[in-house]
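Subject: Structure handover

Hello,

Here is the structure you asked for. Please open it first, then read the notes below.

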Amino acid sequence: MSKINDQSMDSSMEKDPGSSGRVKYTSAFSALLPYVKPHRRTFLLLFVCIFLAVSAELLQPYLFKIVIDDYLEIGNTNLSILLLICIVYFVLSVTNLIFSYLQNNLLQKAGQSIVGRIRKDLFLHISKQSMSYFDRVPSGSLITHVSSDTEAINQFLTQVLLSLLRDGLTLIFIILLMFQLDVTLTLYCLILLPIIFLIAIAFRSYMRKTYQIARISLSRLISFVAENLAGMNLIQAFHQEKEQQSQFTDRNKNYLRANLREIRTNVLFNRSFDILGNLAIAFVVWLGGYLVLNQNMSFGVLFVFITYIRMFFQPINTITQQWNMLQSATVSIQRIWSIFSINPEVEDVKKPIDINLDEVEGHIDFNHIQFAYQDGTPVIHDLDLHILPGEMIGIVGTTGAGKSSLISLLCRFYDVKRGSVEIDGVDIRNIRQSTLHRLIGLVQQEPYLYSGSIVDNVRMFDESISRDQVIRACEFVGASQLIEQLKDGYDTRLSERGSGLSAGERQLISFARIIVFQPRILILDEATANLDSHTEQLIQAALHIVSEGRTSLIIAHRLSTIMQADRILVMKDGAIVEEGSHTKLLELHGYYEQLYLHSQGHTMNEAG
Ligand SMILES: Nc1ncnc2c1ncn2[C@@H]1O[C@H](COP(=O)(O)OP(=O)(O)OP(=O)(O)O)[C@@H](O)[C@H]1O
Ligand SMILES: [Mg+2]
């Protein structure tokens with residue numbers, strides 16, 4: 001894939017993808033070149049088609065000149081020539097039609113495939129980013145980049161580029177033909193060109209502004225919708241619908257206003273052009289008429305001249321209309337390339353140490369690590385922890401103590417700020433990330449299921465894992481009974497995020513994932529303390545099976561989950577405050593005992 005590290009691109013776009021810096025056409029379009037290059041033959045062919053279509057179109061009026069000046073005399077009886085000219089006229093029309101059709105098809109094909117490729121690379125690039133990136137960039141704006149920004153590039157390729165080529169060529173041809181017809185009149189007409197440019201430049205900066213405002217409002221609207229859809233249950237639970245609705249209405253109104261303003265500017269611009277065109281025609285009629293009456297010009301020439309002048313303004317208008325799209329495409333390209341230019345914070349080293357997955361024992365060392373999501377607010381302070389192969393470690397602690405952060409570091413979603421994390425004595429920064437992630441099986445606090453069948457969710461869409469393996473894994477962790485009760489059993493299609501299942505059920509399915517992928521190290525970030533006792537038993541049994549022979553780190557909100565652990569760590573404010581087996585910890589009469597007594601009380605309350 002082509003990654004372009006263009007430092008000159010506005011780095012502020014990284015922070016707020018909705019805003020855009022100065023439009024830099026050259027850097028934007030040279031970025032696009034590597035994608036266009038493979039299609040150069042198509043573009044060459046396209047140019048030939050455009051050339052033929054434009055030539056055919058512009059030669060048609062010229063035929064009228066020949067007819068008017070040479071054959072429309074009273075007494076002329078040579079009708080066969082007239083018929084021939086009619087046939088030529090018809091052939092030119094058909095030629096124009098055929099090559100215009102071809103040109104559009106060629107361009108659409110090339111454009112779609114270029115944009116498809118960019119979209120693919122973009123998605124790949126985004127999916128390689130580190131977690132810190134997703135903490136920073138709202139998913140709504142990423143959705144905009146992958147969908148509408150790539151679409152803007154498509155429009156550039158299929159509409160702007162076509163207009164630039166076709167209308168540009170038309171203009172050049174018309175000027176050449178006009179010079180060939182009458183030099184003086186052409187020169188007079190060309191006086192208009194600077195006026196056209198002045199108008200265009202005056203409107204240009206204004207149009208850019210209105211355009212960008214509209215884009216930013218749209219991006220805000222989309223981010224808002226994306227965020228709301230993701231948190232709809234909360235919004236409803238807190239009766240925030242009205243509040244959210246009014247916020248949405250505000251954003252919607254802003255977008256509407258910005259759009260209307262953009263359209264008004266456009267219309268004003270186009271109409272100014274029409275007036276200019278009509279003035280030019282009036283001028284040609286007046287001056288040309290004068291020349292014809294003085295017999296300094298033939299009537300045929302005047303007729304064709306007027307036709308060409310009319311044709312002259314249309315391409316200029318179209319080209320200037322494309323300005324919006326050109327700008328949107330430029331902004332989009334810059335935004336997309338500013339994403340491409342961001343390298344993941346967590347990256348593989350140049351020469352990673354090769355690790356044989358089968359030979360990993362599962363030693364884990366956290367050597368005096370320090371970590372902060374944002375500089376200045378440390379989340380983990382100088383934590384030193386050494387875990388033996390096959391050991392089962394339970395982690396408990398207050399909320400926000402840094403338990404999930406600790407395992408994020410082991411998975412290398414983030415890099416430690418100080419110290420090191422080692423597996424079997426190898427610093428995980430020297431292990432390829434793909435290897436590391438095969439090594440570790442993670443069941444997250446909120447197990448994520450994708451829209452797709454249960455089978456696909458268990459094998460994570462990896463077709464090399466058979467359906468039988470999946471079913472065996474589910475039976476193994478005790479999820480089969482639950483799955484068979486579902487409508488289509490293993491083929492039940494889960495909706496987005498597996499919302500049809502309870503948190504416990506989702507966790508059971510994630511256990512099956514672990515069994516299928518056979519990682520050496522198991523990490524479980526327990527979803528919730530509130531499971532019904534049946535699911536709790538299922539999970540307990542599954543955990544016992546899954547952790548067998550693996551080094552396991554289990555974060556628990558229910559102490560019952562980890563009472564059997566070889567060692568329990570109690571975390572508070574980013575540090576381990578107590579450590580030992582269940583009985584040993586109770587003997588300490590410390591924080592763990594408090595937790596334990598509290599949970600006992602909780603259970604008794606429930607029982608009572
Ligand atoms: N992505 C993030 N960006 C910034 N700060 C974060 C991020 N994730 C967690 N934190 C902060 O780091 C601290 C530790 O969070 P962490 O998720 O590790 O807690 P935890 O022990 O897993 O809590 P819980 O039991 O509630 O899951 C918290 O103060 C939290 O606000
Ligand atoms: Mg957590």
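Which residue has a side-chain N or O atom 2.9 Å from a nitrogen atom of ligand 1? Asp 135 does. That pair is a polar contact, defined as a pair of N or O atoms within 3.5 Å; within protein, one must be able to donate a hydrogen and the other to accept it, and residues adjacent in sequence count only if both atoms are side-chain atoms.

First, the ground rules. This is a predicted model, where local features need pLDDT of at least 70 and side-chain atom pairs count only at pLDDT 80 or more, while totals for chains, interfaces and linings use all residues. Residues are numbered from 1 along each chain as its sequence is written, chains are lettered from A and ligands numbered from 1 in the order in which they are written, and side-chain values use heavy atoms, without hydrogens and water.

Back to ligand 1. An oxygen atom of ligand 1 is 3.2 Å from a polar backbone atom of Ala 401. His 557 has a polar side-chain atom 3.3 Å from an oxygen atom of the ligand. There are 15 residues around ligand 1, each with a heavy atom within 4 Å of it. Thr 399, Lys 403, Ser 404, Ser 405 and Gln 445 come nearest.

Next, the domains, whose bounds come from an automatic or database assignment. Domain 1 covers 19-340, and domain 2 covers 364-447 + 520-607. Their centres, taken over C-alpha atoms, are 59 Å apart.

Now the helices (DSSP runs of H or I, at least four residues, numbered from the N terminus). Axes are lines fitted to C-alpha atoms over the stretch in contact, and angles run from 0 to 180 degrees between N-to-C directions.

H3 (residues 40-71) packs on H4 (residues 79-127) at about 160°, with axes 8 Å apart. So H3 is roughly antiparallel to H4 (over 145 degrees).

H17 (residues 503-517) and H18 (residues 533-547) pack at about 15°, with axes 10 Å apart. They are therefore roughly parallel (under 35 degrees).

H6 (residues 139-181) and H8 (residues 192-230) cross at roughly 120°, and their axes come within 8 Å. H6 and H8 are therefore oblique (neither of those two classes, nor the roughly perpendicular one at 65 to 115).

Best wishes
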